[in-house]
Amino acid sequence: MALAQELIRRGHAVELMTDHRVESYGADFPARQIHIVPAATPSGGNPLKMASAGFTILRGVAKAHGLLGKVRPDAVIGFGGYPTFPPFIAASLRGIPGILHEQNAVMGRANRALARFADILAMSFPATRFADGQNLEKIVTGNPVRDRVRAVTGRAYPALDDASPIRLVVTGGSQGARALSDIVPAAIALLPDALRHRLQIVQQAREEDIDRVAESYRQSRTNVELARFIPDLPERIADAHLVIGRAGASTVAELTVLGRPAILIPLPGSLDSDQKYNALNLEQGGGGWVAEQASLSPQSLATRLHELLSDPAGLRRAADAARAMGQPRAVEKLADLAEMLSGKNTTIEGRPTT
């Protein structure tokens with residue numbers, strides 16, 4: 001959506017091609033037209049399901065091929081996932097140049113399979129697992145962030161001394177809030193009174209967890225604001241001294257653009273451990289700390305929090321390091337690449353062109 005908005009601002013027409021889920025989630029997408037194409041995810045272990053998925057993808061390629069013949073796009077941009085398969089393969093068959101964007105620090109399986117059909121791989125992280133083995137041009141663009149995030153990128157890291165209030169944001173996303181609701185309040189309760197009473201916490205929690213989380217904080221006499229959804233999350237993060245959260249690609253991109261340090265708890269169980277490698281990138285750059293959920297306890301988190309919150313200068317250094325990793329102009333770089341492939345622009349930021 002961010003890329004579509006930027007290309008439209010530049011006077012280009014944008015059309016979206018994806019699977020049926022767009023009917024539920026794509027109402028606000030600013031496309032001139034939305035095309036629904038059959039797609040499926042091949043899953044190993046069941047030959048019948050594999051065959052069924054293969055036939056669905058072939059039907060999708062055929063439909064996308066016909067649609068692309070009518071639309072005649074100058075370039076295609078794929079953002080991963082198996083819905084990208086049919087339109088991207090069809091575009092290659094028609095000789096339409098293409099960009100793949102990889103938002104995570106691990107190149108996804110769909111993008112790995114589609115790399116042979118692409119001209120450029122746009123990456124969010126300079127060190128992206130499995131990207132080195134792909135025989136195509138690679139350019140670090142970053143991961144586009146929302147306009148609301150970009151609007152507060154200039155805010156300085158908030159002042160912090162040994163006596164001032166400490167603002168902490170805890171966000172787990174739709175999949176991850178339960179574990180953070182279990183661990184974080186218990187860890188906060190273990191902090192020394194003098195430190196805990198300085199905390200001003202904003203925490204996302206699932207509806208069914210809010211009452212018990214509120215009671216935990218009430219018993220520890222901690223200042224907290226709980227919500228199922230935080231609409232002004234970018235502003236809250238910009239005002240925070242420290243963030244505790246998952247390590248999804250969008251979360252890490254926003255933390256680095258805003259320049260805020262974080263304790264990142266990767267969502268366990270993902271196929272390629274993408275959140276773990278996203279978090280490790282931030283940690284290796286000095287902008288955060290990785291805490292694996294399997295080994296995380298209230299006591300270990302409390303120990304880490306006590307160390308970090310007692311070191312304002314260290315938090316500020318981490319904030320500066322996070323900001324240095326940020327790519328606030330990611331969407332402009334992606335739009336430049338799209339224009340370059342389509343012949344609309346021959347100068348790309350940070351890249352000589354011919």
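**Surface, fold and a few residues**

Mentor: The protein has an accessible surface of about 16,700 Å², and carbon and sulfur atoms hold 50% of it. Accessible areas here come from the Shrake-Rupley method with a 1.4 Å probe, and for residues only the protein chains shown count as cover. Keep in mind that this is a predicted model: local features need pLDDT of at least 70, side-chain atom pairs count only at pLDDT 80 or more, and totals for chains, interfaces and linings use all residues. Residues are numbered from 1 along each chain as its sequence is written, and side-chain values use heavy atoms, leaving out hydrogens and water.

Trainee: What radius of gyration does the protein have, and what would a compact globule have?
Mentor: The radius is taken over C-alpha atoms, and the globule rule is 2.2 Å times the number of residues to the power 0.38. For 354 residues that rule gives a value near 20 Å, and the protein agrees with it at 22 Å.

Trainee: How many helices and strands are there?
Mentor: Both are DSSP runs numbered from the N terminus: helices are H or I with at least four residues, strands are E with at least two. The protein has 15 helices and 12 strands.

Trainee: How far apart are the end C-alpha atoms of helix 3?
Mentor: The expected span of a helix is 1.5 Å times one less than its number of residues. Helix 3 covers residues 47-71, so its 25 residues should span 36 Å. The model agrees, with the ends 35 Å apart.

Trainee: Which elements do the buried residues of helix 3 pack against?
Mentor: Buried means under 20% relative accessible area, exposed means over 50%, and partly exposed is in between (1.4 Å probe, protein chains only). In helix 3 the buried residues include A53, I57 and L68. They pack against strand 1 (15-18), strand 2 (33-36) and helix 4 (85-93).

Trainee: Is R72 buried or exposed?
Mentor: R72 sits in the loop between helix 3 and strand 3 (76-78). Its phi is positive, near 55°, though R72 is not a glycine. Its relative accessible area is 68%, so R72 is exposed.

Trainee: Which residues does G248 touch, leaving out those up to four places away in sequence?
Mentor: G248 lies in the loop between strand 10 (242-245) and helix 11 (249-258), and at 17% relative accessible area it is buried. Counting contact as heavy atoms within 4.5 Å, G248 touches Q275 and N278.
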